[in-house]
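Please open the model in a viewer and keep the sequence panel at hand.

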Amino acid sequence: MLGDRVLFLDGEALVIDKPAGLPVDSPRDRSISLENHLSYLTFGFKRWPQAVHRLDRDTSGCLLLSRNPKAHARFQQAFEQGLVAKRYVAILAGVPKDREGVIDLPLAKVSTRETGWRMAHDPKGKAARTDWRLLAEKDGRALVEFRPATGRTHQIRVHALEGLGVPVFGDPTYGAADALGMMLHAAHLSVPRGDKAPVVADAPWPGRFAKAGFDAPDP
């Protein structure tokens with residue numbers, strides 16, 4: 001159940017700490033997804049909440065759900081207009097050469113019959129920009145903060161690989177899978193609401209990061 005993973009709740013919005021391994025959309029194999037939990041996340045409302053954006057199956061952390069159609073439309077507009085502040089943390093399978101910077105690499109979907117689809121840098125693709133900074137390094141790996149200004153599919157994962165030259169640790173598509181899982185976590189989310197107070201949520205430090213040797217950095 002996800003009822004004990006609620007980070008924010010009011011009449012318009014619900015933010016949960018999505019566990020790694022749970023897909024937001026229902027998979028083709030009809031395995032468990034967020035949809036199977038929505039009836040338990042109504043908190044007194046008859047209407048089921050609806051995911052406003054997406055996190056990859058193996059990414060954990062802040063996921064915003066709307067509690068009514070009008071709020072859903074406003075939240076989606078905030079995402080489309082780039083008004084939403086997002087902060088991710090990731091463990092990389094190596095250490096970047098620099099300590100901070102901006103990755104500005106347009107992305108496009110590519111697919112082959114052998115390997116399926118993935119995202120890749122393409123000068124003619126959709127604009128994608130990510131600010132990043134190194135937080136810590138240990139045993140040849142790096143803890144990095146990413147602040148995406150856009151919300152392209154797999155943006156941070158591809159920007160880590162093609163922009164920094166180092167994949168996210170445990171990434172089965174752009175790096176190498178690991179038993180601990182993929183080390184990408186949506187740590188913070190802030191969504192403006194005009195005259196109302198913004199929706200703000202911070203997800204707790206994931207246990208798999210600690211198992212990989214990285215504790216939460218000092219604020």
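Begin by selecting strands β11 and β12, which form a hairpin with 2 residues between them. In the turn, Gly194 has a positive phi of about 65°. Strand β11 covers residues 184–193 and strand β12 covers residues 196–202; the two run antiparallel and are joined by 5 bridges. To follow one of the pairings, select His188, whose bridge partner in β12 is Asp202. This is a predicted model, and the features shown at each stop should be read accordingly.

Remain with the hairpin residues for the next selection, which concerns charge. Select Asp10, Glu12, Arg74, Arg193 and Lys196 together: salt bridges that share partners join these residues into one network. Arg193 falls within the range of β11, and Lys196 within that of β12.

**Further salt bridges**

Select Glu145 and Arg87, whose side chains meet in a salt bridge with an N to O distance of 2.5 Å. Glu145 lies in strand β10 (residues 141–148) and Arg87 in strand β5 (residues 85–92), so this pair ties together parts that are 58 residues apart in sequence. Are the two partners buried or exposed? Glu145 counts as buried because its relative accessibility is 5%, and Arg87 is likewise buried, with a relative accessible area of 19%; the cut-off for buried is under 20%.

Next, select Arg157 and Asp171, which form a salt bridge at 2.7 Å, N to O. Arg157 belongs to helix α2 (residues 155–163), whereas Asp171 is in the loop between α2 and β11, so the pair ties together parts that are 14 residues apart in sequence. Both Arg157 and Asp171 are buried.

**Aromatic rings**

Now display the aromatic side chains. Which residues make up the 1 aromatic pair that is counted? Select Trp205 and Phe209: their ring centres are 5.3 Å apart and their planes stand at 80°, so the pair is edge-to-face. Trp205 counts as partly exposed, at 27% relative accessibility, while Phe209 is buried, with a relative accessible area of 0%.

Select Lys109 with Trp117: the charged end of Lys109 sits over the ring of Trp117, at 4.6 Å from its centre. Then select Arg141 with Phe169, where the charged end of Arg141 lies over the ring of Phe169, 4.0 Å from its centre. Arg141 is also a residue of β10, the strand that contains Glu145.

**The whole chain**

Finally, clear the selection and view the entire protein chain, which has 3 helices and 12 strands. Its C-alpha trace spans about 50 × 40 × 40 Å along the principal axes. A compact globule of 219 residues would have a radius of gyration near 17 Å, and the protein chain, at 17 Å, agrees with this. Buried residues make up 45% of the 219 residues. Of the contacts in the protein chain with a separation of 6 or more, 62% involve residues 24 or more positions apart.

Methods. Residues numbered from 1 in each chain as written. Predicted model: local features only at pLDDT ≥ 70, side-chain atom pairs only at ≥ 80, totals over all residues. Heavy atoms only, no water. Pairing = 2+ DSSP bridges. Helix = DSSP H or I, 4+ residues; strand = E, 2+ residues; numbered from the N terminus. Phe/Tyr/Trp six-rings, centres within 6.5 Å; stacked < 30°, edge-to-face > 60°. Buried < 20%, exposed > 50% of the residue type's maximum accessible area, 1.4 Å probe, protein only. Lys NZ or Arg CZ within 6 Å of the ring centre and 35° of its normal. Salt bridge = Lys/Arg side-chain N within 4 Å of Asp/Glu carboxyl O. Rg over C-alpha atoms; globule rule 2.2 N^0.38 Å. Contact = heavy atoms within 4.5 Å.
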